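Here is a short report on a protein model.

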Amino acid sequence: MHFLLLNLTVLCWLVKICNSLDNGLALTPPMGWLTWQRFRCNIDCKIDPENCISEHLIKRQSDCLVSEGYHDVGYEYVTIDDCWSDTERDKNGRLQPNYDRFPNGIKNLSDYVHSKGLKFGIYADFGSKTCAGYPGSEYHMKLDAQTFADWGVDLLKFDGCNSDIKDAPKGYPAMAKYLNMTGRPILYSCEWPFYNWKNGVKSNFTAIRNTCNMWRNHWDIQDSWQSVKGVIQYFVKSDKQFRSFAGPGGWNDPDMLVIGNYGLSYDEERAQMAMWAILASPLIMSLDACNVRPLSKSILQNKNVIAVNQDKLGIQGSLKLVQESVYKLQIWTKPLLPKGSYAIVVLNLHQGGGQLHVNFTLNDLDIYDSKGFNVSETFEGRHIGFYKSNDVIKCRVNPSGVFMMTARPAITNDSNLRFISKYKHTYVGKKGEK
Ligand code: GLA
């Protein structure tokens, strides 16, 4: 009997090892920087030497991620997306960079990124070619995993263009296995569920979570509020399919933060940051880190909002209340540590008019504690007041904007209390106050 039990335990243990991605990475949502949204497949270094996909770009951005304070607040992975490679593999079948743009090779570049205290990521594709037409990893996965490990890669973004979706359930786990076999911890970022969705295939999120550290669910994000809203609405509609799979080690990925580029207003930038925080999404910027407007930079580097995203409980927030038709006013919550605490985001999707006056109670959001809560505004860390679960919280939210709060059971020390508010943008008061 004991022997049987022992064998069963060993078997379960083996199955667990074989079936789950156990690389110890991404215990909180990964934070970093990626070329794609801002720099795309710009390979013309003659015309655009500062912005083309090149060694120069990655080095310059790594420098600025450190000197401009992004690294200090947690942004860590510097990843080159598509268009870094040559159009052909080398004579040994290995991927090689375009040497005009990466004259010192990728190992040298990753050494440079590491010398800044950052981590280095690269892109490949599970199919025959990448989305931009460069060599894919099909039939080369083992060799490519080893090449990446030899180059000191810390993150692999694995795309799915030019592949047969029927191969994905074997292909993505195979790459995970080959990455693990190299012995180098490499964070594995997959686009598996996105290609499933695009091809009308239902995703097996158990398998995806067991394979990848983060996984893209939806279309590529663009530099516009329309696009950011589209991603949020996709999460609203489909969240039941995948929300519960997010947690330490693996995260749903709504794609990059587009803050600091051309397309979003100040309020829209705050809204993307707040929503990505409450969704426990990877915070991957794609911008010119050397040239960011001060307001955008302060949003990206807001320590209180980042703390919500990086909360070790690792629960993806959910939509709790819809106060207006067609989802124009949404209230999202995310459980936080210490136990019983919550982040709350009130999102106003109206695109005109003035501030929306919003009233709600913590009860409405299923947040209870007989001792009541200390509530603070998150961006400024301003203490708003003490609220019992059935006290009415009133706030005003700008169009295409958010009001973000943190509610902690009154008994805990609210570290946010130490911040002094300068935030005059919106108003929160108890019922009866003006
Ligand atoms: C796909 C991905 C993008 C980016 C491009 C590169 O579209 O979804 O994130 O990697 O390919 O070609």
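A disulfide here is a pair of cysteine sulfur atoms within 2.5 Å. The model is predicted. By that cut-off, the link of C131 and C161 counts, with its sulfurs 2.1 Å apart. Its S-S torsion is 100 degrees, and the link is right-handed. C131 sits in the loop between β3 and α5, C161 in the loop between β4 and α6, so the pair ties together parts 30 residues apart in sequence.

The whole structure holds five disulfides. Counting bonded cysteines along the chain, their pattern is 1-5, 2-3, 4-10, 6-7, 8-9.

| Disulfide | S to S | S-S torsion |
|---|---|---|
| C45 and C52 | 2.0 Å | about 105 degrees |
| C64 and C290 | 2.2 Å | about 105 degrees |
| C131 and C161 | 2.1 Å | 100 degrees |

C45 is partly exposed at 27% relative accessible area, whereas C52 is buried at 1%. C131 is partly exposed at 39%; C161 is buried at 18%. C64 is buried at 13%.

Now the sheet. Six strands form an open, antiparallel sheet in the order β9-β10-β11-β16-β13-β14. β9 and β14 stand at the edges with a single partner strand each, so one side of each has no neighbour in the sheet. The twist averages 25 degrees from one strand to the next. β9 and β10 pair over four bridges, and V322 has Q330 in β10 as its bridge partner. Helix α9 packs on the sheet, touching β9, β10 and β11; its direction makes about 65 degrees with that of β10.

Key: Residues are numbered from 1 along each chain as its sequence is written. This is a predicted model: local features need pLDDT of at least 70, side-chain atom pairs count only at pLDDT 80 or more; totals for chains, interfaces and linings use all residues. Side-chain values use heavy atoms; hydrogens and water are left out. Two strands pair if DSSP finds at least two bridges between them. Helices (H or I, at least four residues) and strands (E, at least two) are DSSP runs, numbered from the N terminus. Axes are lines fitted to C-alpha atoms, for helices over the stretch in contact, and angles run from 0 to 180 degrees between N-to-C directions. Contact means heavy atoms within 4.5 Å. Buried means under 20% relative accessible area, exposed over 50%, partly exposed in between (1.4 Å probe, protein chains only).
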